[in-house]
Amino acid sequence: MPRRRLIAVAALTLTATLGLSACGGDDEPTTTPASPQGSAPTQSGEQSPDPGSGSEVEQSGTRIELTRTGDVFDPSGARVKVKRGEAVTLVIVSDTAGSLHVHSTPEQDVEYRQGTSTHEVVIDRPGVVEVESHDPDLVVLQLEVR
Amino acid sequence: MDGTVLAHGLGGAKDLPIPVDMAVAGAVAALVISFSVLALAWRTPRYDASRGGLPLTVPPAATALSWVLRALGMAFFLYVAMAAVLGEDTLVNPVFGSFYVLLWVGIVPASLLFGPFFKAVSPARTLAMLVAKLTGAPADRGLLPYPERLGYWPAALTLFAFVWMELVFPHATQLGPVRLWFALYLGTMLIGSAVYGTTFLARADPFEVYSTLVGRLSVWGRRDGRLVVRSPLANLDATPVRPGLVAVVGVLLGSTAYDSFRESPTWLRVVQSLGIERAWPDTAALVVFTAGVTLVFAAATVATGVSDHQARRHLPDLFAHSVVPIIVGYMVAHYVNFFVEFGQRTLIDLSDPLTTGADYLGTGDWQINYWLSMHPTVLASTKVLAIVTGHVLGVVAAHDRAMKLLPRKHQLVGQLPLLFVMVGFTAGGLYLLFAS
Ligand SMILES: [Cu+2]
C-alpha cells in the first residue's frame, strides 16, 4: 500500500511539474538575429525616407535584420536583448511595403518600403516590447529592454 | 491606421522576466516552508467557522450606506456604458481599461481590503434587487429554488467565458465584442436572478463569485449573520463548500498561468508557425491550463486515505479554498505593474470618455507614474514575494483542513500529494514568470 501511495505521489508531482512548466525548458532565447553577417554592409546608405523612422544609423546599438517574404517574417517572435535608451537598428528586407508597430509606451510605428530599409527605434523604459506586424497579424520580435 | 491600432491588447511594454536566482530562491523557500508547515504545525484543526472573530455592531446608517454604494456602482457602470455605446472605438476609450483592469484586476485589491466588494456595488445585483422590489418578491428567492447540486459550476463557466474573452479572443479590445459580452452577461444574470433570485448571482456571476472568494482573505467575515473581524485564514476556512468550487479556482489559477505562457517566445513561435488563426491553439492551451490545474488539484486531494463517512469525491471542493491565496499571489505577480500603470492610464482616459477633449473628472492632466517599471528589481522581488506568500497561506489552509477531515493515521501522508502539487503550482508559476 505505501508503495502504491508513493507512486501516486510521484506521478502527481511529475504531472504538476510538467503541466506547469510546459513552456519547454531550453528557452532562454538567445536568438540574436542582430549578427551583422553577410548582407549588411552596403545598406547603411539606403535609409528609409519615412518621417517615423530615425535617420541616423548608429553602429553601437543592437542591429537586427528582418526579412519579409510574402506574409512570412524571419525572425518570427524571437526575443532580442537590448539596452534602454540605446538605438536599436532594424534592417528590413521586404518584398512589399508595410509597417511594424512597436508596443513601447508611447507606441512607435516603423513604415518600411519594398527592398531594404534601415530604421531606428529607441526605448527608454525597461520591459518586454513587442514589435508587431498587423497585416498579417504576427509578433515579429520581442525586445527585452533592460 | 485606426484599423490596425485596434487589433491588440492593452498596455504597452510587458514586464521583464524575473531573474533566475530569484525564481530558484522563491521555489526553494516554498519547498522548505511547506515541509516545515507539515512537520511542525499544529495537529488539531485551528480554524472554526462557528467560533472566533470579534463581532461588530453595525450602525443603523449601514443600510443607507449600502444603497449609496449601489448607487455609486450603478453610476460608474452607466458612465462606462455610455463610453461603450457613444465613445470612439480605439484604445483611448476607457471602456477597455475599466473592464479588464479596474474591474477584473481591481477586484483583487478591493476584495482583500473590503471583503465581498463586488457584491456591494454590482449593477446586476442592484438591478435584480430593484426588479424584485417592483414585483414585491423577496430578492433572494425567485420562481424556483436554486438547484444546489449546480453549486458554483455556472461561475466556473462564466469565469471561463471572461478569461477566454480577455486572453484568447483576438478582438477583445474592440467595442462591439465587449458590448456583446457584457450584454450577454447582464442578460444571463438578470434572467437567472428572476428565476432563482439573487442566489443565482452568488453562484454564477463571475465577478461576484471571484470577489467574494478573494474577500475570504480579508478580515471581514460573517458568523450567524453577524459581521465579525477575524484573521484572514479563519475567514478563508469559513468559505462555503459547494460543488464546482474546485473548477472555479482551477479556472482562475489556470488562466493566470496561461496568461504568462501565451506570451513566452516558445509558444509564440509555435502558434505563429501553425499558419492557422491563433485563437484556436490559444483556446486549446487555455483549456489545458484551466482543466489541467483543476484535475491535478482534484487528483491530489483524493489521493489520501479517508474515513468511512467521508466521501472521497467531495474532497476536491473541500480543499479548494486553499487555492485562493495562491490565486491572489499569482494575480499580484502577474498584474501588479499592469494594474498600477494601466490603471492610471484608465483613470486619465475616464475623464474624457467620448474623446471630445472633455475633462469631467479632473484627472485628464495626470501624468502616469512609471516608477515600478523603472525599478525592475523591486518589481521582480514583489512578484516572488507575492507568489511565495500565497503558497504558504495555501499550504497552511490545506493543512488545517486536512487535520479536520482526514483520519489520524492518514493525516501526514495524506497531505503529501496536495503539498507536492502546491509546490508544483508555485514552482510552475515562478518558472513562467522567469521564462516569459
Ligand atoms: Cu500593435
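Predicted model: local features only at pLDDT ≥ 70, side-chain atom pairs only at ≥ 80, totals over all residues.
Q: What makes Arg79(A) and Glu144(A) a salt bridge?
A: The cut-off is 4 Å between a side-chain nitrogen of Arg and a carboxyl oxygen of Glu. Their N to O distance is 3.0 Å, so the pair qualifies. Arg79(A) sits in strand S3 (residues 78-82) of chain A and Glu144(A) in strand S9 (residues 137-145) of chain A, 65 residues apart. Arg146(A) joins these two in a network of salt bridges.

Q: Why is Arg79(A) called buried?
A: Buried means under 20% relative accessible area. Arg79(A) has 3%, so the term applies.

Q: What makes Arg68(A) and Asp71(A) a salt bridge?
A: Their closest N and O atoms are 3.3 Å apart. The limit is 4 Å, so the pair counts. Arg68(A), at 9% relative accessibility, is buried.

Q: Why does the pair Glu208(B) and Arg125(B) tie together parts apart in sequence?
A: The salt bridge itself has its closest N and O atoms 2.6 Å apart. Glu208(B) lies in helix H11 (residues 206-215) of chain B and Arg125(B) in helix H7 (residues 123-135) of chain B, so the pair spans 83 residues in sequence.

Q: How do you know that Glu208(B) and Arg125(B) are buried?
A: Glu208(B) has a relative accessible area of 1%. Arg125(B) has 8%. The cut-off is under 20%, so both are buried.

Definitions and conventions. Residues numbered from 1 in each chain as written. Chains lettered and ligands numbered in written order. Heavy atoms only, no water. Buried < 20%, exposed > 50% of the residue type's maximum accessible area, 1.4 Å probe, protein only. Helix = DSSP H or I, 4+ residues; strand = E, 2+ residues; numbered from the N terminus.
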